[in-house]
Amino acid sequence: MKNSLFIKAALSQETERPPVWMMRQAGRFMPEYWEIKNKYSFLEMCKTPEIAADVTMLPVDLLGIDAAILFSDILVTGEAMGGKLSFEQGVGPKFANPVQNIKDIEALEVDVLDRLQYVADAIKVIQGRLSKLGDQQIPLIGFAGAPFTVMSYLVEGGSSKDFKKTKLFMFNQPEAAHKLLEKIADVTVDYLNMQIAAGVNAVQIFDSWALSLSWDDYKEFSHRYIQNIISRLNRTVPVISFCKGSSVFAPLMAEAKPDVVSVDWNADLKNIKSALPQGIAVQGNLDPFVLYADKAVIKDRILRIIERMRGEKGFIFNLGHGIMPDIPFDNVKYAIEVIKSV
């Protein structure tokens, strides 16, 4: 992958243009995704290597992105540990047995890699398909949910608008919260190292709900565990750290020594890059809502970011978060064409 634009940028090497991929690039905004989704449940798609490969390859084949990301979900680790996970249309993920106390935490298992073998199997199938693309050298990104975000789903029993149960759990039962986070971190290390051994070319840690935390709580209940995870990874591939809130937490994120900090849309990307230690790349940071707009607006907003970052080594173009399911496919395709034409 030494000639991959994405890998070069992730390692802060010079590239002729910024590489581009987009979070949730293989998803519900694609008619082709729904052709598959209408035949299988979401978890069936994740757990069947050939189907996961089919979905992973959609943006490679239809959008021409510079990196593929494994089709899976951040909550498969929580399920493997013993969470009773389901996905309901229009509702999202649900855990039928939410964690409420130390007894619930003790019941969760950590030696669970065998339950996640389907992910390693999917990686091998995907790499087999990517290898047939010849000189394109499209890398595959693996990923995992960060401990705090996975914990929030386990405690809330699903999605939340205010994370009230999670915060009260942290505040009132801090020892239990740390025990749960330690367990999730141990599973996450094993899981990401398994993905690296199976053949991914980079990994990303998603802390989707870190923005709900104060600075001190982020340090205590999120950052320390991400730092621990990254320190224990097989660093043969680039490591990307993402959180919603990275415009605030980037200095702490850098302390964990990822190769790339993925930045939300609330900050000036160059200012963030300038404040990070040399050798840490940035990824981002277009507001995904821009992709609903007219194409002239999409082009203008993309070019603003690219011009701002011109001359900077270590820049991967991405969104500040994931693509929403009702964004027009043609707008996403157009955005990628604009980025690749600069």
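The lining of the second largest pocket, in this predicted model, is made up of five nonpolar, four polar and six charged residues, where Ala, Val, Leu, Ile, Met, Phe, Trp, Tyr, Cys and Pro count as nonpolar, Asp, Glu, Lys and Arg as charged, and the others, Gly among them, as polar. This pocket holds about 270 Å³ of space, and of its 15 lining residues Thr-15, Arg-17, Pro-18, Gly-311 and Glu-312 lie nearest its centre. A pocket here is an open set of points on a 1 Å grid over the protein atoms alone, where a 1.4 Å probe fits, with protein on both sides within 12 Å along at least five of seven lines, and lining residues have an atom within 4 Å of a point. Residues are numbered from 1 along each chain as its sequence is written. Local features need pLDDT of at least 70 and side-chain atom pairs pLDDT 80 or more, while totals for chains, interfaces and linings use all residues, and side-chain values use heavy atoms, without hydrogens and water.

The largest pocket has a volume of about 1300 Å³, and its lining contains 26 nonpolar, 10 polar and six charged residues. Among the 42 residues that line the largest pocket, Arg-24, Arg-28, Phe-42, Asp-73 and Phe-87 lie nearest its centre. Helix 2 (31–37), strand 2 and strand 3 (92–95) each give two or more residues to this lining, and helix 2 gives the most, with three; helices (H or I, at least four residues) and strands (E, at least two) are DSSP runs, numbered from the N terminus.

Two of the residues nearest that centre, Phe-42 and Phe-87, also bring the reader to the aromatic rings. The whole structure has 12 aromatic pairs, a pair being rings of Phe, Tyr and Trp (its six-membered ring) with centres within 6.5 Å, and planes under 30 degrees apart count as stacked, over 60 as edge-to-face and the rest as tilted. Phe-42 and Phe-87 form a tilted pair, 4.6 Å centre to centre with 55° between the planes, and this pair links distant parts of the chain, since Phe-42 lies in helix 3 (residues 42–47) and Phe-87 in strand 2 (residues 85–88), 45 residues apart. Phe-42 is buried, with a relative accessible area of 15%, whereas Phe-87, at 26%, counts as partly exposed; buried means under 20%, exposed over 50% and partly exposed in between (1.4 Å probe, protein chains only). Both rings belong to one aromatic cluster formed by Tyr-33, Trp-34, Phe-42, Phe-71 and Phe-87.

Key:
Points joined across faces, edges and corners; volume = space filled by probe spheres on them.
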